[in-house]
Amino acid sequence: MKLAFVGFRHAHIFVMYQHALALPGIEVVAACEEDAATRQTLATRNDLVLTHETLDAMLDQVECDAVAIGDTYARHGPLILRCLARGKHVIVDKPVCISLDELVAIEQQLRTKGLKLGCMLDMRDSPQTIGLRNLLRSGLIGEIHAISFGGQHPLLLGTRPAWYFEPGQHGGTLNDIAIHAVDALPWMTGLNIQEIVAARTWNAFARDYPHFHDAAQVMLTLENQCGVLGDVSYFMPNSMGYTLQLYWRMTFWGRKGVIETSATSDQIMVALDGERAPRYEPLPPGNPAGYLHAFLHEIAGTSQAGELTTPEVLRAARLALQMQAMADQNRLIQ
């Protein structure tokens, strides 16, 4: 597959770029950055070669099958639509877009043109979530009745891209972060999300940017009535970054016991009813760049069980946007 890139305004896209360079099924044929200030900054990097200054010029001059997108979140939707209009498959850093209207337009284009949409929902690829999925689907803890997850991030003011804090560019903390959970939870449990019970965001730490709601919590129900409580606020201590074992900590409460792990843990805690003490299961191998393999396989018509597909990307995006919309609508009138 000939893959071109547009937008390098978030660190995630550099990971995708390196994955694409390393995969034998992909040829990276071009890279574009439309923002002049960002282009100037990128010129100092030795791990990226920019070839074009506009998306239209790149698509006019370079033959490609698909385009990877990593711009500001507000630009994701418009860039996806521009690429789909040119008949290109698209893979995008999360979130897919920042409005439900954009998502409807994207769905229509995908359906009309028979194209595929991938997303960098790489939580599925970690050894921790693969291990959780294996244990949950084995029935080890029985039917799941409650789930809690903490996906708190460090705010890192002054380090995060400045556009995060520009009005209209970010699109909301639930849409930004919780999209990982609403994709991964059904994949791990085999249970779809049935209801968004409550969603709330507010400004807590980023007081110099009152429009930026850095705090975000959600309550969900799965199709078996399992309750889900999640917090994806930017509350992690900046000095500890992503190192604490609280980072993407997930706990599953089942009829037969409890399992728990986090993105920084090297094992999975298992506490079963009838046993005197918890035991700890080793992690299985991870699936590096699994999201990118899944995109290649779907385009080729060879998707494998458990791989991310276009309908699942759209479903996760819709849920994340609906949660964000609920939180936005529920804000108190001042």
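Which residues in α5 meet which residues in α9?

I opened the entry by noting that this is a predicted model, in which local features need pLDDT of at least 70, side-chain atom pairs count only at pLDDT 80 or more, and totals for chains, interfaces and linings use all residues. Residues are numbered from 1 along each chain as its sequence is written, and side-chain values use heavy atoms, with hydrogens and water left out.

I then looked up the pair itself: Leu-100, Leu-103, Glu-107 and Leu-110 in α5 meet Thr-310, Leu-314, Ala-317, Arg-318, Leu-321 and Gln-322 in α9, where contact means heavy atoms within 4.5 Å. By class, I found 6 nonpolar, 2 polar and 2 charged residues in this contact (Ala, Val, Leu, Ile, Met, Phe, Trp, Tyr, Cys and Pro count as nonpolar, Asp, Glu, Lys and Arg as charged, and the others, Gly among them, as polar).

For the geometry, I noted that α5 (residues 100–113) and α9 (residues 310–329) pack at an angle of about 165°, with their axes 10 Å apart; axes are lines fitted to C-alpha atoms over the stretch in contact, and angles run from 0 to 180 degrees between N-to-C directions.

For the whole protein, I recorded 9 helices and 13 strands, which are DSSP runs (helices H or I, at least four residues; strands E, at least two) numbered from the N terminus. The C-alpha atoms fill a box of roughly 65 × 50 × 40 Å along the principal axes. Buried residues make up 52% of the 334 residues, buried meaning under 20% relative accessible area with a 1.4 Å probe, protein chains only. Among contacts between residues at least 6 apart in sequence, 68% join residues at least 24 apart.

How values were computed: Buried < 20%, exposed > 50% of the residue type's maximum accessible area, 1.4 Å probe, protein only.
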